[in-house]
There are 2 protein chains.
Amino acid sequence: MKKLINAPDRVVDEALEGMALAHPDLIRVEPPNIVVRRDAPREGKVGIVSGGGSGHEPMHGGFVGFGMLDAACPGAVFTSPVPDQMLAATKAVNGGRGVLHIVKNYTGDVMNFEIAAELAGDEGIEVSTVLVADDVAVQDSLYTAGRRGVGGTVLTEKIVGAAAEDGADLESVTNLGRRIQDGVRSMGMALTSCTVPAAGKPTFDIGDDEMEIGIGIHGEPGRRREKLRPADEIVDMLVGPILDEGIYERGDNVLAFVNGMGGTPLVEQYIVYRRVSHILSDRGITITRNLIGSYITSLEMAGTSITLLKLDDELTRLWDAPVHTPAMRWRM
Amino acid sequence: MKKLINAPDRVVDEALEGMALAHPDLIRVEPPNIVVRRDAPREGKVGIVSGGGSGHEPMHGGFVGFGMLDAACPGAVFTSPVPDQMLAATKAVNGGRGVLHIVKNYTGDVMNFEIAAELAGDEGIEVSTVLVADDVAVQDSLYTAGRRGVGGTVLTEKIVGAAAEDGADLESVTNLGRRIQDGVRSMGMALTSCTVPAAGKPTFDIGDDEMEIGIGIHGEPGRRREKLRPADEIVDMLVGPILDEGIYERGDNVLAFVNGMGGTPLVEQYIVYRRVSHILSDRGITITRNLIGSYITSLEMAGTSITLLKLDDELTRLWDAPVHTPAMRWRM
């Protein structure tokens with residue numbers, strides 16, 4: 001295992017310490033390992049909380065700040081955070097107008113956020129939930145009943161975060177978050193595995209000439225293992241099933257998000273984006289916004305995921321709205 | 001070789017096409033493979049041009065836009081661009097007040113930028129040059145006489161770009177760029193090699209328990225090969241030689257830049273930043289600005305480099321100034 005770490009059991013704590021040292025103007029890190037917006041709670045603002053296993057950085061801690069998340073709960077690597085973290089985060093960001101939990105659809109995350117929401121309710125905090133399940137690759141998986149939540153999470157957090165920053169109430173941001181799910185779909189693939197520090201060896205074996213199509217963000221299996229192919233053919237295999245959902249039509253405007261899995265250089269991500277752009281152009285679908293980079297990763301895995309989100313004027317405006325977090329920043 | 005590419009000889013062209021498709025609001029790509037700010041030339045503004053081999057993305061093409069570069073010349077992977085590219089870029093951004101070339105100290109880059117500057121001069125364009133040679137690891141290398149230009153390049157491009165955007169003249173931006181070099185030093189290391197697409201095999205072999213200290217951005221050898229160690233000890237080995245330069249003193253303010261080499265996850269970069277922060281704090285040196293992420297890479301190499309830049313009020317103000325490029329964006 002070759003990693004820039006001190007010890008497997010200190011990875012998350014030390015990375016969080018590094019984040020707190022790097023971004024004191026944006027965030028604070030508090031027990032029990034939660035990342036909280038520096039100025040939370042903000043009176044009168046709906047709090048936005050997400051979380052999940054570590055190893056997907058910058059998601060979620062890198063998205064805490066103005067115009068996106070109010071708090072994030074990082075679990076151990078590829079392990080759900082515990083209800084105590086989610087409850088602490090919920091209380092830390094409660095400004096009196098309720099708190100929204102954005103939850104990726106993994107069994108542990110869903111269960112623990114449900115417990116936390118109940119506990120917060122017992123303390124008089126109104127909590128609602130948006131479940132993200134945008135991965136078209138598989139119906140159920142090692143870690144889920146139903147589809148997995150992947151790249152759509154990043155887009156949901158940005159857009160819902162902007163609405164909350166604008167003063168929208170809990171019902172509005174909840175409905176907005178659910179509406180986003182109607183129009184967002186993703187699929188990913190991997191060229192290599194990744195190594196969870198505590199395990200010390202790659203999560204799965206893969207041949208020098210093989211790739212995994214439909215991989216999950218924890219290295220869990222996808223649709224099929226097959227021989228490596230040129231990038232354009234790989235992109236076709238990812239965008240095809242997304243378009244087969246039947247929700248993107250000629251004349252639609254979309255946000256296209258090409259994501260690196262952690263070990264994929266930007267130069268390859270742009271080659272992927274090129275093909276995505278060609279495919280959608282041929283279908284009469286216009287990419288009016290895009291995001292290219294490594295935003296939801298699987299440690300050092302080489303691979304990519306593609307996410308499409310159908311845009312309307314409201315979603316476009318909220319996407320464009322100012323954001324200032326460690327990993328996403330514009331217009332301020 | 002596992003890469004998301006279509007063919008080794010099309011990597012740069014297709015990635016540039018992807019960039020042009022993704023960022024038409026910021027850049028355009030023109031023959032002979034140059035990335036130019038969309039609205040160049042800007043009348044009355046000093047043009048800022050850089051360039052070098054591809055494979056270091058987002059540097060340099062990702063830094064073209066408002067407040068940073070006016071044009072970038074990408075060569076083949078790890079290969080200097082040719083004088084024709086540099087001349088075309090210089091002409092494309094010439095707004096009548098001269099053009100500054102920011103050149104990393106590699107023999108091919110230096111020679112070709114010199115030829116281009118002469119040719120531009122023949123056409124009546126005043127050109128000056130800032131040479132970046134911030135890598136303390138080795139005095140000469142496979143590709144250089146003198147020190148190599150590495151992470152300091154990113155910081156130079158941002159700060160000089162801000163000054164040019166403010167309307168500074170050619171002499172001022174040149175002097176500013178040279179003054180930055182007095183206060184910027186870097187050193188890097190690698191856990192793994194990288195594979196140049198045209199070569200098809202790793203640039204060098206490295207054992208499963210080894211690392212290369214003082215690596216260059218083309219995988220060229222550094223100071224020494226040794227056994228892998230904990231992250232904190234590795235950071236000590238990088239920051240030590242930087243501080244031994246004797247230019248950072250108790251009471252100084254610095255910008256600390258922790259860079260990922262392309263295959264290093266963000267979670268590890270924050271563990272590196274944590275140690276950098278501790279070391280400087282112990283020395284009475286204050287990190288007043290930081291940059292953490294993969295900005296000057298070596299394809300998919302796993303590793304990190306650390307850059308320190310001494311800050312004063314002017315440099316801090318120019319660092320903070322608005323920037324809007326594909327890879328660096330804030331305050332707009």
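Trainee: A:Glu14, buried or exposed?
Mentor: Buried, at a relative accessible area of 4%. Buried means under 20%, exposed over 50%, partly exposed in between, with a 1.4 Å probe and protein chains only. Keep in mind that this is a predicted model: local features need pLDDT of at least 70, side-chain atom pairs count only at pLDDT 80 or more, totals for chains, interfaces and linings use all residues, and side-chain values use heavy atoms, with hydrogens and water left out. Residues are numbered from 1 along each chain as its sequence is written, and chains are lettered from A and ligands numbered from 1 in the order in which they are written.

Trainee: Which element is A:Glu14 in?
Mentor: Helix H1 of chain A, residues 11–22. Helices are DSSP runs of H or I with at least four residues, strands are E runs of at least two, and both are numbered from the N terminus.

Trainee: And what is A:Glu14 in contact with?
Mentor: Setting aside neighbours within four places in sequence, A:Asn6, B:Tyr270, B:Ile271 and B:Arg274. Contact means heavy atoms within 4.5 Å.

Trainee: How many residues does each chain put into the A–B contact?
Mentor: Chain A gives 53 residues and chain B gives 53 residues. The buried area is about 4,500 Å², with 63% from carbon and sulfur atoms. That area is the accessible area (1.4 Å probe) that two parts lose on being put together, summed over both.

Trainee: Which residues of chain A lose the most area to chain B?
Mentor: A:Lys2, A:Leu4 and A:Tyr270, together 20% of what that side buries.

Trainee: Now H1 of chain B. What do its buried residues pack against?
Mentor: Elements of both chains. From chain A come helix H7 and strand S11; from chain B, strands S1, S2, S3 and S4. The buried residues of H1(B) include B:Glu14, B:Leu16 and B:Met19.

Trainee: How far apart are the end C-alpha atoms of H1(B)?
Mentor: 16 Å, which agrees with the span its 12 residues should have at 1.5 Å a residue. The expected span is 1.5 Å times one less than the number of residues.

Trainee: Over to H6(B). How many of its residues are buried?
Mentor: 10 of 13, so H6(B) is mostly covered. Among them are B:Asp232, B:Met237 and B:Pro241. The cover includes strands S7, S8, S9 and S12 and helix H7 of chain B.

Trainee: At what angle do H4(B) and H8(B) cross?
Mentor: Roughly 90°, with their axes coming within 8 Å. That makes H4(B) roughly perpendicular to H8(B). The contact has seven nonpolar, no polar and one charged residues. B:Lys158 of H4(B) and B:Trp319 of H8(B) are among those making it.

Trainee: How do you define those axes and angles?
Mentor: Axes are lines fitted to C-alpha atoms, for helices over the stretch in contact, and angles run from 0 to 180 degrees between N-to-C directions. Under 35 degrees is roughly parallel, over 145 roughly antiparallel, 65 to 115 roughly perpendicular, the rest oblique. Nonpolar covers Ala, Val, Leu, Ile, Met, Phe, Trp, Tyr, Cys and Pro; charged covers Asp, Glu, Lys and Arg; the others, Gly among them, are polar.

Trainee: Backbone next. Which peptide bond at B:Pro41 is cis?
Mentor: The one from B:Ala40, with omega near -5°. B:Pro41 sits in the loop between S2 and S3. Another cis bond joins B:Glu57 and B:Pro58, with omega about 10°.

Trainee: What is phi at B:Phe78?
Mentor: Positive, about 55°, although B:Phe78 is not a glycine. B:Phe78 is buried at 15% relative accessible area. B:Leu299 also has a positive phi, near 50°, and is buried at 3%.
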